[in-house]
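This briefing looks at contacts between side chains. Please have the sequence and the 3D view open while reading.

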Amino acid sequence: MRCYLRAFLLCTGVAFVSDTAEDSQGRGLSELTISDAGRHDAGTVVRKSPGLTGRELDRCKSQPVSNWNPYWRLPADVCGLNCFLESSFRDDKAGYKAEKQGEESSHLAVVACGPRLDETLTMLKSAVLFSKKPVKFYIFAEDELHSSFRDALHSWPRSVQTRFNFTIYSITFPTENENNWRKLFKPCASQRLFLPLILKEVDSLLYVDTDILFLQPVEDIWALFTEFNASQLAAVAPEHEEPRIGWYNRFARHPYYGQTGINSGVMLMNMSRLRQTFFKNDITAVTLQWSEMLIPLLHKYKLNITWGDQDLLNVIFHHNPESLYVFPCQWNYRPDHCVYGSNCKPAEKEGVFILHGNRGVYHNEKQPAFRAVYEAIKQYSFGDNMETSLLQPLEASLQTTTNSYCGQVSHLFTKKLKQSIKSVIQGR
């Protein structure tokens, strides 16, 4: 870390104090004060672009920061190091040690704002419970949530902590239209659009919403990356399987992918390809890179979108369908798959792999089967017998939900879960 830090300072000659990221040892960048390490050529403009809010890298003292590239927009040839926040402050004692021994880690990102702390922690818990390979968490959260995330994750048993590591990031948007980005659909949800630009050293990433629950190992969906062809750079599930109840094909006022659109609550992202690809679009006659396309898209469609960043992704992949891999609905199983009658055929055959409790169903009585799964995982204590302390209480709870449509197919919720628990018991 010291070598990277020194190289960065010698190159930029910058004094930098920030609270942008924290690692799994709780070392926030705000705890570092770095003095001027020598003057860099302050007259060289890299490229003008919108800046970020908050305290940032100041590459030229005589100009406002917003006239210069923020840290996550620097080209690769600037100083030979453009990944300061991502590479310098990480915990090497757990997952990285495993990776050195040949175990590939899955990289999982989540964005949490407002009252989403417990929901996010339950999602992270489900990811750790069933995974056999290490997982790296990239947690983007409002500053006031950082210490709560850090304290909660550090409170997990040491035997569990060795299976993951994490970095906590502040929420950052371009200063141009910052309020629009921040409030698009749900608070901070559109942060995911900027992940390829922020996490510049991450090659591939699994993004999930906070209301996701893994019912099988994370590495199973991670393995879908191997099924991408040469042009595919992201993977998602359809928004609907049944066009008669589809939202996009009935109500959308913007282009969308395929027949019924896509749902971006579970999204595999080949970050390298996303950064490098030039995309067809309806903004200009020329193709644009990801970083060039986002703000013009918002300007054009902000009055016509309902589901925020998901709608913008639908617009992008409507014009670039060859770039998208579509996985089956059991990887992103939502109330819509059962509330109108069972309409996710792959889940009927193989069970639910990933549960998505959108529309707040974990926290109300509208879909008690979904809430039962959430509460079972939330209440489970690490180290307890998974069959007697997780599976059996869940099955008993699900028996009380059969008066609802989703409760009538709740056996699909435990079909894969049983296999995951059995595999964990046999493998540990």
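K280 is partly exposed, with 38% relative accessible area (partly exposed lies between buried, under 20%, and exposed, over 50%, using a 1.4 Å probe and protein chains only). The model is predicted, so local features need pLDDT of at least 70 and side-chain atom pairs count only at pLDDT 80 or more, while totals for chains, interfaces and linings use all residues. Residues are numbered from 1 along each chain as its sequence is written, and side-chain values use heavy atoms, leaving out hydrogens and water.

**Salt bridges**

- The whole structure contains ten salt bridges (a side-chain nitrogen of Lys or Arg within 4 Å of a carboxyl oxygen of Asp or Glu).
- K280 has a salt bridge to E322, with the closest N and O atoms 2.8 Å apart.
- This pair links distant parts of the chain, 42 residues apart: K280 is in the loop between strand 9 (278-279) and strand 10 (288-289), and E322 is in the loop between helix 13 (309-319) and strand 11 (324-326). Helices (H or I, at least four residues) and strands (E, at least two) are DSSP runs, numbered from the N terminus.
- E322 is partly exposed, at 35% relative accessibility.
- D209 and R192 form a salt bridge through their side chains, at 3.8 Å from N to O.
- D209 counts as buried at 17% relative accessibility, and R192 counts as buried at 5%.
- R192 and D209 also belong to a network of salt bridges with D309.
- E365 and R371 form a salt bridge, their closest N and O atoms being 2.7 Å apart.
- E365 is exposed, at 58% relative accessible area, whereas R371 is partly exposed, at 25%.

**Aromatic pairs**

- There are 16 aromatic pairs in the structure (rings of Phe, Tyr and Trp, its six-membered ring, with centres within 6.5 Å; planes under 30 degrees apart are stacked, over 60 edge-to-face, the rest tilted).
- The ring centres of W222 and F225 are 4.8 Å apart and the planes stand at 75°, so this pair is edge-to-face.
- W222 and F225 are both buried.
- F370 and F413 are also an edge-to-face pair, with 5.2 Å centre to centre and 70° between the planes.
- F370 is in helix 15 (residues 368-379) and F413 in helix 18 (residues 411-427), so the pair ties together parts 43 residues apart in sequence.

**A ring cluster and a charge**

- F137, W156, F164, F166 and F382 are joined into a cluster by ring pairs.
- K125 sits over the face of F382, 5.5 Å from the ring centre (NZ of Lys or CZ of Arg within 6 Å of the ring centre and within 35 degrees of the ring normal).
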